[in-house]
Amino acid sequence: MPQTLLRAASAVLLTLAVLNVPTVHADEVAPVAVTVNARAALASVPETGIGTNHAIWDTNLGTDETADLLKGAGMKLLRYPGGSYSDIYHWADHTAPGGYVAPNTDFDTFMRGVRRTGAQPMVTANYGTGTAEEAAAWVRQANVTKGYGVKYWEIGNENYGNGRYGSAWEADNHADKSPAEYARHVVAYSDAMKAVDPTIKIGAVLTTPANWPDGIVADGDSGTWNEVVLAATGSKIDFVILHWYPGAFDRTAHIPDMIQLTRQQIARYAGAGSEWIGIAMTEFNTGSSSNGTTTQPGALAAADAYSTLLAQGVFTVDWWNVHNGIGSVTQVEGHTDYGDFGLLSSGACTSDGSVCEPSVNTPFAPYYALQMVSRFARPGDRFIRAATDQAKVSAHAARRPNGDLAVLLINTSSDTSYPVTIGYSGFSPASGAPTVLTHTNGATSIAGSATGSATSQTLPPLSLTTIVLRPASAQVGLPGTPGQATASDVTDRAATISWPVASAGARPIVKYEIHRQNGAVSEQIGETAGTSFTANNLRPGTRYTVNVIARDSGGGVSSPSSPLTFTTGTPASSSCSVRLTKQSDWGSGYVGAVDITNNGAPINGWTLNFGWPRTWQRLDSGWSAVWTQNGQDVKVVNDSGNGSLPTGASTTIGFVGSYSGPNVLPATFTLNGTVCTTR
């Protein structure tokens, strides 16, 4: 250790002694319980999962050093030509009127880097100042003339930012800037581009749930951006595009609802066959320069978000950006944070020259986070449920086709080394020290070792740790994995779950088990010898995720099926009915109207109860009744003018609600203790 560091360490220890501040050691900390459930499968790891953005104003876009670094990080998709520049870029003459185009950043140079990286390309066609004919000519040049095989094509970038909702940063030369006009052109682009190459995949821009301008209906529009775009383009697109800059490091819990709400919008508005429409997160960054974008906290948030998004079935998550440039310089967790949204240093300095980044292409901390995710969850692996009992530690897990299992543990504590005890369901790890990969605060590489055990590890502060485990014994001749299950006849209390027959292994299949995911714990809700099962005793208005497992005559079990998620309804008939509608929405709050109808005997005095589905929702005010909130539970008592509800009578009450995450609306209401039909 250098003498300067020894003196600094001595000074810290002396300060702690004088102040009598206890140092935190692993043996003084209660072990964190980690649960890994191999029976609770999530999405498979896609070939294009880990990606990033290239930009034509980046002078280092085409260098071999950049491509080799991206390959080393496990990048599988590279996006071009770069965010909002996409809507001013003309590929044929490599110009972007109004913007800077760096030398050696043309499409052929980009594709050379894609191939050297070993990734797939995604190209954003110019919607703002381009035409469908220009985009079709680009497809011809890329896939017919050059044979590049570019599969994924977006139509525009963040086109809702064209001024339709007030803010305007995206170029858009169309006189009509409505979502209907964008959708009309998406159809024209898709038709023209697929006429050249029918195998390509076309993506349309959506707003991200709970992120501006999601939920807002502009004057003259028939619905929100997403509703209008999906309704008009559903039969012409293959994927939808989300962008997410959460601006904080505690937003990973928003992801399951964010993706579920997007899928619900697709299913509701895009029409028949829309279940095959994929979801791409083509721009992501922690977006929090105040807390650290180039230092370890941003890296930990990146690994957590990438793993969660991919586990929810997003087919690519693309970091913004490869190189971006210096921003606000701060000190974060003992290191200089350059406020740079790039994975790699641009080598830039502040305007006054007082602070300069490290040399060009020096990796920042998020680079190592994505490198760790690429080693933890490889294409073809399947995510499985994992959880911890400590808020400072998060867990992810993935099962590999050869039977191995990898666990990613993220310790966000600045000062505590956490011991962890890991329990496994549906997997028996081999004895001996497993392979352990670790990245710690300030480290410039991922360290590998064989240490600890499958059930016991210690996580350094601000660290990423991946444990790779072999099974205790190789099991052969097991049943094949059941196919994708579907749900039908879903009511408030029951649902019929069906799946394709699984292939038998060495022994015949004797039954299928249906397991409900309850966090990281599975609850078996039934079994059958057939390929259909009706689950009863379900709760109204509840989201269920289940997996199907085949079991053979010798007790051997298959891998779990892909997850099936469905939501139960409310009673088809009840003595009361409720309808909740949004009267207006501004992206962080809304005015709601609740219509209550009495279908039973006359009521003289009533109480309506419901719960906010998420902790980030709350009641701000209410009228035409007495509104109170306790935790997530809301209680509404009639006022003096609407307490009497004869048979068939209705009353309407209203409220203002706010939210800071995906706004999943309440689905279940009780009136005087009776579950109502929700209309």
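## A serine in a loop

Leaving aside neighbours within four places in sequence, S574 is in contact (heavy atoms within 4.5 Å) with N599, T674, V675, C676 and T677. The model is a predicted one, in which local features need pLDDT of at least 70 and side-chain atom pairs count only at pLDDT 80 or more, while totals for chains, interfaces and linings use all residues. Residues are numbered from 1 along each chain as its sequence is written, and side-chain values use heavy atoms, with hydrogens and water left out.

S574 sits in the loop between β26 (564-567) and β27 (576-585), where helices (H or I, at least four residues) and strands (E, at least two) are DSSP runs numbered from the N terminus. With a relative accessible area of 17%, S574 is buried; buried means under 20% relative accessible area, exposed over 50% and partly exposed in between, with a 1.4 Å probe and protein chains only. The side chain of S574 also reaches the backbone oxygen of V675 at 2.8 Å.

## Helix α8 and the cavity

Helix α8 (residues 296-311) has 16 of its 16 residues buried, so it is largely enclosed by the rest of the structure. Its 16 residues should span 22 Å at 1.5 Å a residue, and its end C-alpha atoms are 23 Å apart, which agrees; the expected span is 1.5 Å times one less than the number of residues. Just after α8, G313 takes a positive phi of about 100 degrees. One of the residues in α8 is L300, which counts as buried at 3% relative accessibility. Not counting residues up to four places away in sequence, L300 touches I410, N411, T412, L462, S463 and L464.

Rolling a probe the size of a water molecule over the atoms shows where empty space is left. The structure holds 1 cavity of 30 Å³ or more; on a 1 Å grid over the protein atoms alone, a cavity is a set of points where a 1.4 Å probe fits but cannot get out, a pocket is an open set with protein on both sides within 12 Å along at least five of seven lines, and lining residues have an atom within 4 Å of a point. About 60 Å³ of space lies in the largest cavity, a volume being the space filled by probe spheres set on grid points that are joined across faces, edges and corners. The lining of the largest cavity includes W244, F249, R251, F284, A301, A302 and A305, and helix α8 gives the largest share of this lining, 3 residues. By class, the lining has 8 nonpolar, 2 polar and 1 charged residues, where Ala, Val, Leu, Ile, Met, Phe, Trp, Tyr, Cys and Pro count as nonpolar, Asp, Glu, Lys and Arg as charged, and the others, Gly among them, as polar.

## The second largest pocket

The second largest pocket has a volume of about 840 Å³ and is lined by 32 residues, of which R399, G403, L478, S558 and S559 lie nearest its centre. Two or more residues of this lining come from each of β1 (32-44) and β12 (382-388). The lining divides into 13 nonpolar, 12 polar and 7 charged residues.

In helix α3 (residues 107-117), the buried residues are F107, T109, F110, M111, G113, V114 and T117, and what covers them includes α2 (64-72), β3 (77-80), β4 (120-125) and α4 (132-145). At the start of α3, a side-chain oxygen of D106 reaches to within 3.1 Å of the backbone nitrogen of D108, and α3 is followed by G118, whose phi is positive, near 80 degrees.

The 18 residues of helix α5 (residues 179-196) should span 26 Å at 1.5 Å a residue, and its end C-alpha atoms are 26 Å apart, which agrees. Among the buried residues of α5 are P179, E181, Y182, H185 and V196, and their cover includes β5 (152-155), β6 (201-205) and α6 (225-233).

## Backbone exceptions

Most residues other than glycine have a negative phi, and most peptide bonds are trans. N361, which is not a glycine, has a positive phi of about 75 degrees and is buried, with a relative accessible area of 4%. L462 likewise has a positive phi, of about 45 degrees, although it is not a glycine, and it lies in the loop between β18 (456-459) and β19 (463-469).

A cis peptide bond joins Y80 and P81, with omega about 10 degrees, and another cis bond joins W320 and N321, with omega about 25 degrees.

Notes:
A polar contact is a pair of N or O atoms within 3.5 Å; within protein, one must be able to donate a hydrogen and the other to accept it, and residues adjacent in sequence count only if both atoms are side-chain atoms.
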